[in-house]
Amino acid sequence: PKAGTQIHLALFDEEILDSTWYAETSLRLMRFGGRFIWSATPHTSSQGLLDLHDRAIVERESAIQRITEHKLLLVDNPHISEDNKEAMKATITSPDEWLIRIEGEFATAGFLVYPEFSMKTHGVEPFPIPKLWTRYMVVDPGYQTACALFFAVPPEGPENAQHVYLFDEIYANNCDANRFAELCASKVKDDVYYEFVIDSHAARMTPMSGGLTIGQQYEKAFAKFDVQSLKTRFGFVPGVDDVKAGNLAVHDWLYIRPQEGTPKLRVFRGAVPNFEHEIKRYRKKQDKTNKAYLDDPQQRNNHAMDALRYARGRDFKWHRCPAKLNKGDSLYQRFRKAMEAKKDPDTTHYVNLGPGNAA
């Protein structure tokens, strides 16, 4: 239809490959308060259909339901004989196809980057992190969305099976370096962190207006809000740039180890909702035909996923840390104290860093 046409009803039958059709068609319903019906077998070739499925689940508990989902199963169809239903089932050999055709579910194993993740398997009930454990913070910087994941590693021993615990997160939109550092300060408080990790590629970038790199801006902001770690102080160690290698390594954390019977990564239930949201939607790219999935992930739902990859690249270990960080030991603060001790009473407004006498 020509631009500006308004309609009362829109109907999509089966999935669509061009995601712009859904948004464009929805705009045509505004004038008459029209309705949209989308019927499909959920193969998930369309991201839009999967997004609507997720929204319908959320709105089930909402006072206002703009989207509802109705599942019509083959086994419930009274117009198909039981013999024909059983004959249909007998032709399906793929578990994914069974989920789609018989149970009406989205088969996620084929397109998710981490299909093995499940809070039933990887989730644990939250508990206070002991002081003896080693803490890490991993940062994925960005103004539109800035993310940090907080990990803890217990001392090595048979009782903890060498787990890495993800216990907290920051997920902030429209957030500059100072605001992000302020949020980190509220999380870190007086706890001792061994090191901070950052996206090395983003940290090297300089804004178009010039000036400090993103990494330098974050370091300066961390110094302003006195957010320090034992190893890196206000700065950071670089995360792994290689996306494929990093994602492959994360599978090792998610894998259930035969000897221990548990995965290495454990996630606090209810503590990291944005991490959970992303890992359930972190999808692979499709080829030009939109039929086959590639190894590369899509560049969406990936802020916490990138931080997870940087964490895995560091291969966190337990380190003995002091019970309290001696923040007065930083090089800059020692320098200031030394200069204060040498300062001439008559020259209180400067410190001479160069050779010769000050004018």
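Aspartate 168 is in contact (heavy atoms within 4.5 Å) with Ala148, Leu149, Phe150, Lys187, Ala271 and Val272, once residues up to four places away in sequence are set aside. The structure is a predicted model, in which local features need pLDDT of at least 70 and side-chain atom pairs count only at pLDDT 80 or more, while totals for chains, interfaces and linings use all residues. Residues are numbered from 1 along each chain as its sequence is written, and side-chain values use heavy atoms, with hydrogens and water left out.

**The chain as a whole**

- The chain has 12 helices and 11 strands; these are DSSP runs numbered from the N terminus, with helices (H or I) of at least four residues and strands (E) of at least two.
- Of the 359 residues in the chain, 39% are buried, where buried means under 20% relative accessible area, exposed means over 50%, and partly exposed lies in between (1.4 Å probe, protein chains only).
- Among the contacts in the chain with a separation of 6 or more, 66% are between residues 24 or more positions apart.
- The accessible surface of the chain is about 21,200 Å², and carbon and sulfur atoms hold 53% of that surface; the areas come from the Shrake-Rupley method with a 1.4 Å probe, and for residues only the protein chains shown count as cover.

- Aspartate 168 is located in strand E6 (residues 164-173).
- The side chains of aspartate 168 and lysine 187 are joined by a polar contact of 3.1 Å. Such a contact is a pair of N or O atoms within 3.5 Å; within protein, one must be able to donate a hydrogen and the other to accept it, and residues adjacent in sequence count only if both atoms are side-chain atoms.
- Serine 200 belongs to helix H7 (residues 200-204), and its side chain reaches the backbone oxygen of glycine 239 at 3.2 Å.
- Serine 200 counts as buried because its relative accessibility is 8%; beyond four places in sequence, serine 200 touches Pro238, Gly239 and Asp241.

- Tyrosine 310 sits in helix H11 (residues 303-314) and counts as buried because its relative accessibility is 2%.
- With neighbours within four places in sequence left aside, the contacts of tyrosine 310 are Val138, Val139, Asp140, Val197, Asp199, Gly239 and Val240.
- Tyrosine 310 and valine 139 are 171 residues apart in sequence, yet their C-alpha atoms are 8.5 Å apart in space.
- Glycine 142 occupies the loop between strand E4 (134-140) and strand E5 (145-153); its relative accessible area is 24%, so glycine 142 is partly exposed.
- Glycine 142 is in contact with Cys175 and Tyr218, leaving aside neighbours within four places in sequence.

**Positive phi in loops**

- Most residues other than glycine have a negative phi.
- Lysine 189 has a positive phi of about 55 degrees. This lysine 189 lies in the loop between helix H6 (177-188) and strand E7 (193-198), and it counts as exposed because its relative accessibility is 59%.
- Aspartate 226 also has a positive phi, near 55 degrees. Aspartate 226 is in the loop between helix H8 (214-224) and strand E8 (237-238), and at 33% relative accessibility it counts as partly exposed.

**Pocket and cavity**

- On a 1 Å grid over the protein atoms alone, a cavity is a set of points where a 1.4 Å probe fits but cannot get out, and a pocket is an open set with protein on both sides within 12 Å along at least five of seven lines; lining residues have an atom within 4 Å of a point.
- The largest pocket holds about 1,400 Å³ of space, a volume being the space filled by probe spheres set on grid points that are joined across faces, edges and corners.
- The largest pocket is lined by 38 residues, of which Trp38, Ser39, Thr68, Glu69 and His70 are the closest to its centre.
- Helix H1 (20-27), strand E2 (35-39), helix H2 (47-59) and helix H4 (95-101) each supply at least two residues of this lining.
- The pocket lining divides into 19 nonpolar, 11 polar and 8 charged residues; Ala, Val, Leu, Ile, Met, Phe, Trp, Tyr, Cys and Pro count as nonpolar, Asp, Glu, Lys and Arg as charged, and the others, Gly among them, as polar.
- The whole structure contains 1 cavity of 30 Å³ or more, and the largest cavity has a volume of about 80 Å³.
- The largest cavity is lined by Lys131, Leu132, Trp133, Arg135, Asp191, Val192, Cys321, Pro322 and Ala323, of which 6 are nonpolar, none polar and 3 charged.
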